[in-house]
Amino acid sequence: MDSFKNFIDGNWIASSSRETVSSINPANQAVVGTVQHSTQADVEQAVRAAKKAQVNWRSLSGPARGQFLYQVATIMESHLAEIAETMTQEMGKTLPEAKGETARGIALLRYYATEGMHKVGDVIPSTDSEALMFTTRVPLGVVGVITPWNFPVAIPIWKMAPALIYGNTVVIKPASEAAVTCAKVMECFAEAHLPAGVFNMVTGSGSVVGQGIVEHPDVNGITFTGSNEVGKRIGQTALARGAKYQLEMGGKNPVIVLDDADLDLAVRETISGGLRSTGQKCTATSRVIIQSGVYDAFKEKLLEKINEITVGNGLHENVWMGPCASESQFKTVLRYIELGKEEGATLLAGGGRYTEEGCEKGYFVKPTVFEYVTQEMTIAREEIFGPVLALMKVNSLKEALEVANDAEFGLSASIFTTNIGYMLSFIEQMDAGLVRVNAETAGVELQAPFGGMKQSSSHSREQGKAAIEFFTATKTVFVKG
Ligand SMILES: NC(=O)c1ccc[n+]([C@@H]2O[C@H](COP(=O)([O-])OP(=O)(O)OC[C@H]3O[C@@H](n4cnc5c(N)ncnc54)[C@H](O)[C@@H]3O)[C@@H](O)[C@H]2O)c1
Ligand SMILES: O=CCCC(=O)C(=O)O
């Protein structure tokens, strides 16, 4: 069992509350580790350290900051297996997926390390022929990083690495359900000897630690990923005090399968997009919109493959799908399944708790498929964040797009078709920040911008070259000799 303190001003420090909270393995309810149950005083201490450290950190060159990130990447690589195993134990993702995510975290660190050597501005012709006019970028200052549990390595890193490379200092508050994994990543940062105060981690509740960061007058920017409900509140608080904020939130992602689609591919990618990580990706496929000509054939192939899915502890070989990440997530998913039944959808597979031998104490849900799902049903409208697919039948691409766009979210979407005209119509008309053709709805690449439309985002973008937009402010410079 791992026990972690907060990391503040270069030291591991116990919370002033002297209390800890346990993190629970959702596969068997064993305690994975403990983290601090922190207070507002801990937040104060972390923000103070970050503010002080920012003066020197921002004055380092970009390449010098990059060297620290390279160092963290190398250290993390040597701890990859341990971090991945902790992730599987703490939030249930299967070990191969956890290893893939940890490797992605390392790649993110290396990507942003090189960003320290890239240009940060442009020369712009001035109307004054004797002047030099150009833009440059300056860091925001102290950045508060608030993260969810579903990608406990990748999301903290895709926020922290750009924040740091552009000269900000960081106070991170990870989700409690995955705080031990995040703390192991922070250990790698600590081992790389970043200057004291440059990054700080404070664990604890959203309402005390998260809110404390968001409300703090010395936190200049807040980058949040999580639910809509919490995100909206954070945005309002940040706006009220004039802090910069970025919110990446939920999805209700559709896949469209047209009559001319490669059905084997569509089935494989729908299952992968919808049920990997137990459906707990913001980009997970949730609604499957199928044209009538292939509806029955698609359904038959889908159910055949769904029945082959092996559910269990993600540490075990041959297990394809692990548990829901927490008791509360498990209850939420079961509630949505009941709502699906009550509101008249037809259950084709799954539909409840999975309790085979060895899974009795875990938060396992059977891979679940509903059909005859209509647009007004709750399971077609709200984000479930679990292994539940809703099949919807349509007659044309036009109708498919109407159904697909009938959602408050607009994060990701995909289409299966062999017709280039249909592909182009989908790319043009689908209201989503990530649109994919003949590929699953999940699958974010670190070098490309990522973010949603409609209620999925504050309309900002993360990752790739887009990250600089949030983590810096542009300064226009006019120089005359
Ligand atoms: N769009 C994306 O990139 C993306 C990626 C991953 C997850 N998500 C979304 O995240 C959600 C699941 O994650 P979750 O359950 O951890 O979300 P959540 O909103 O419950 O929690 C996210 C973080 O916010 C903190 N928090 C809670 N209340 C707070 C408050 N009042 N002030 C400040 N911080 C507070 C939590 O402790 C946690 O660290 C899903 O909706 C999913 O779609 C979105
Ligand atoms: O949960 C949100 C991130 C999704 C992601 O990283 C992916 O689909 O690869």
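What follows is a short exchange about a predicted model of a two-domain protein.

Biologist: What makes domain 1 and domain 2 separate units here, and where do they lie in the chain?

Modeller: The bounds come from an automatic or database domain assignment. Domain 1 takes in 2-249 + 457-480, and domain 2 covers 253-445. Their centres, taken over C-alpha atoms, are 31 Å apart.

Biologist: How do you know which residues of domain 1 and domain 2 are in contact, and how many are there?

Modeller: The test is heavy atoms within 4.5 Å. By that test, 23 residues of domain 1 are in contact with 27 residues of domain 2. The two domains bury about 2000 Å² between them, with 57% of this area on carbon and sulfur atoms. Pro26, Ala27 and Trp149 supply 25% of what domain 1 buries against domain 2, more than any other three residues.

Biologist: How many salt bridges are there between domain 1 and domain 2?

Modeller: A salt bridge needs a side-chain nitrogen of Lys or Arg within 4 Å of a carboxyl oxygen of Asp or Glu. Between domain 1 and domain 2 the count is zero. Polar contacts, which need a pair of N or O atoms within 3.5 Å, number five residue pairs across this interface, both residues being at pLDDT 80 or more.

Biologist: Which elements give two or more residues to the side of domain 1 that touches domain 2?

Modeller: They are helix H3 (80-91) and helix H4 (95-115). H3 gives the largest share, five residues. By class, that side of domain 1 has seven nonpolar, nine polar and seven charged residues.

Biologist: Why does the radius of gyration of the protein agree with that of a compact globule?

Modeller: For 481 residues the globule rule gives a radius near 23 Å, and the protein has 23 Å, so the two agree.

Definitions and conventions
Residues numbered from 1 in each chain as written. Chains lettered and ligands numbered in written order. Predicted model: local features only at pLDDT ≥ 70, side-chain atom pairs only at ≥ 80, totals over all residues. Heavy atoms only, no water. Buried area = accessible area lost by both parts, 1.4 Å probe. Polar contact = N/O pair within 3.5 Å; in protein donor to acceptor, adjacent residues only side chain to side chain. Helix = DSSP H or I, 4+ residues; strand = E, 2+ residues; numbered from the N terminus. Nonpolar A, V, L, I, M, F, W, Y, C, P; charged D, E, K, R; others polar. Rg over C-alpha atoms; globule rule 2.2 N^0.38 Å.
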